[in-house]
Amino acid sequence: VSALDVLAGIGSDVALMLLNGIAQKVKFKGLQDKAREKIVAIAEARGLSPEELEDRLAPDLGLDEQGSMLLDFGPRAYKVGFDESLKPYVREWQDGKAGARLPDLPKPKKTDDAELAAQAVERFKLLKKDARTIASQQVLRLELAMCARRRWSPALFARFLAGHPLVRHLVRRLVWGVYEMPMETSGEGEDLETRVASYGGTLLACFRVAEDGELTTAGDDPFDLPEGERIKVGLPHALELPADQAAEFGQLLADYELVQPFPQLGRDTHALTEDERSAAKLLRWKGVKVATGKVMGLSNVGWRRGPAQDGGCIWTYDKPADAARTLELTLDPGIIVGMVDEYPEQTLGEITLGRAWRGGWSRDEDLSSFGALDPIVASELIRDMERLRS
């Protein structure tokens, strides 16, 4: 916990990025909660939401404006690129043109400039290490943003996503949408404020970001973002995308040999049954036995461990459903902190809805039924559970 204070005190983007990584994925829930509290406090101090702070914490890793890096050996040079998982690779670079993609940076030769080659090798080694540290965090935050239906203003999209030296490599592998957003109010009395919503909205059109930063349609024609206060940009979920557009964009990405960083166009979708929609508890997976390691893997799709109870045992996993509610999955016999191998298998219990409160989540049996869930949230819940028992 003292180390969290140090990271928060340093306050640099890299320090805050590491702090945010702890808040998302560290295995000790107490430490994770403390880190999350600090991220929330830092965001509030900057007048931002935690998600808006995350946008500003993506490091550029020393890349140029085109999201690349030139590794100069003297008589030879190599250009850095990134694949769908943000793993860096190199291409031969000669006369301003990229050549064949190589499995790794070649070793220096006697004919190379020894000092330049040594510097290039060291830069690429550090780049691979840094990219490995942050890649999954950047991919996950975009996937969760898609599932939560988060939106960005065109200016923030251009600055922190499409124009970011590192994140742009993920952006151009995805299909983006233009949304008309509703207005929302917050506060009361003299403090009542009206602003454009940051989640949801009505999909107006879809586009992709080309390698040169230009926006195009599914037919690869130029696309201009419409103007207006209520216009925002987001990642359409498979449930929002018309089938014909999904097919066209899928073909376009295939033509450019672009693999998506996570399933978007071909994402499997699901729906609750009528009985489940009217229920206060989901029992579809109750009694299913799964490996403890697979349950712990839920943290990779936005779930969080519940609090440790008697004997340091964790009996629940939680996932935010929206700004006001959370999903809660119960486990038996539970996961013992520090002794995760004690029970190699878990039996899934019921899933219930709880209400959010400052500092954590609490159960509340009087909440509305599952039919009030956004269809995308419901689809993702079923997807998580089906993948858990597959």
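This briefing describes selected features of one structure, grouped by topic. The structure is a predicted model, in which local features need pLDDT of at least 70, side-chain atom pairs count only at pLDDT 80 or more, and totals for chains, interfaces and linings use all residues. Residues are numbered from 1 along each chain as its sequence is written, and side-chain values use heavy atoms, with hydrogens and water left out. Helices (H or I, at least four residues) and strands (E, at least two) are DSSP runs, numbered from the N terminus.

**An open sheet of five strands**

- Five strands form an open sheet with antiparallel pairing, in the order S5-S11-S6-S9-S10; two strands pair if DSSP finds at least two bridges between them.
- S5 and strand S10 (215–216) stand at the edges with a single partner strand each, so one side of each has no neighbour in the sheet.
- Strand S5 (residues 151–152) is joined to S11 by two bridges, and tryptophan 152 has valine 233 as its bridge partner in S11.
- Strand S6 (residues 176–180) is joined to S11 by four bridges; among the partners in S11, lysine 232 pairs with tyrosine 179 and isoleucine 231 with glutamate 180.
- S6 is also joined to S9, by five antiparallel bridges, and there the bridge partner of tyrosine 179 is leucine 203.
- Two bridges link S9 to S10, with valine 209 opposite leucine 215 in S10.
- S9 and S10 form a hairpin with five residues between them, and glycine 213 in the turn has a positive phi of about 90°.
- In strand S11 (residues 231–234), Ile231 and Val233 point one way while Lys232 and Gly234 point the other way, and all are buried. Buried means under 20% relative accessible area, exposed over 50%, and partly exposed in between, with a 1.4 Å probe and protein chains only.

**Helix H11**

- Helix H11 (residues 375–389) has 15 residues and reaches 21 Å from its first C-alpha to its last, close to the expected 21 Å. The expected span of a helix is 1.5 Å times one less than its number of residues.
- Eleven of the 15 residues of H11 are buried, which leaves the helix mostly covered; among them are Ile376, Glu380, Arg383, Asp384 and Leu388.
- At the start of H11, a side-chain oxygen of aspartate 374 comes to within 2.7 Å of the backbone nitrogen of isoleucine 376.

**Cavities and a pocket**

- Rolling a probe the size of a water molecule over the atoms shows where empty space is left.
- On a 1 Å grid over the protein atoms alone, a cavity is a set of points where a 1.4 Å probe fits but cannot get out, and a pocket is an open set with protein on both sides within 12 Å along at least five of seven lines; lining residues have an atom within 4 Å of a point. Grid points are joined across faces, edges and corners, and a volume is the space filled by probe spheres set on the points.
- The whole structure holds three cavities of 30 Å³ or more, and the second largest cavity contains about 40 Å³ of space.
- The second largest cavity is lined by residues including Glu143, Leu144, Arg267, Glu380 and Asp384; helix H5 (114–148) and H11 each supply at least two residues of this lining.
- The lining of the second largest cavity comprises three nonpolar, no polar and six charged residues. Ala, Val, Leu, Ile, Met, Phe, Trp, Tyr, Cys and Pro count as nonpolar, Asp, Glu, Lys and Arg as charged, and the others, Gly among them, as polar.
- The second largest pocket has a volume of about 750 Å³.
- Of the 32 residues lining the second largest pocket, Tyr89, Arg91, His169, Arg172 and Glu211 lie nearest its centre.
- S2 gives the largest share of the lining of the second largest pocket, four residues.
- The lining of the second largest pocket divides into ten nonpolar, seven polar and 15 charged residues.

**Backbone geometry**

- Most residues other than glycine have a negative phi, and most peptide bonds are trans.
- Leucine 86, in the loop between S2 and S3, has a positive phi near 60° and is buried, with a relative accessible area of 3%.
- Aspartate 95, in the loop between S3 and S4, has a positive phi of about 55° and is exposed, with a relative accessible area of 74%.
- The peptide bond from aspartate 332 to proline 333 is cis, with omega near 10°; proline 333 lies in strand S16 (residues 325–336).

Methods:
A polar contact is a pair of N or O atoms within 3.5 Å; within protein, one must be able to donate a hydrogen and the other to accept it, and residues adjacent in sequence count only if both atoms are side-chain atoms.
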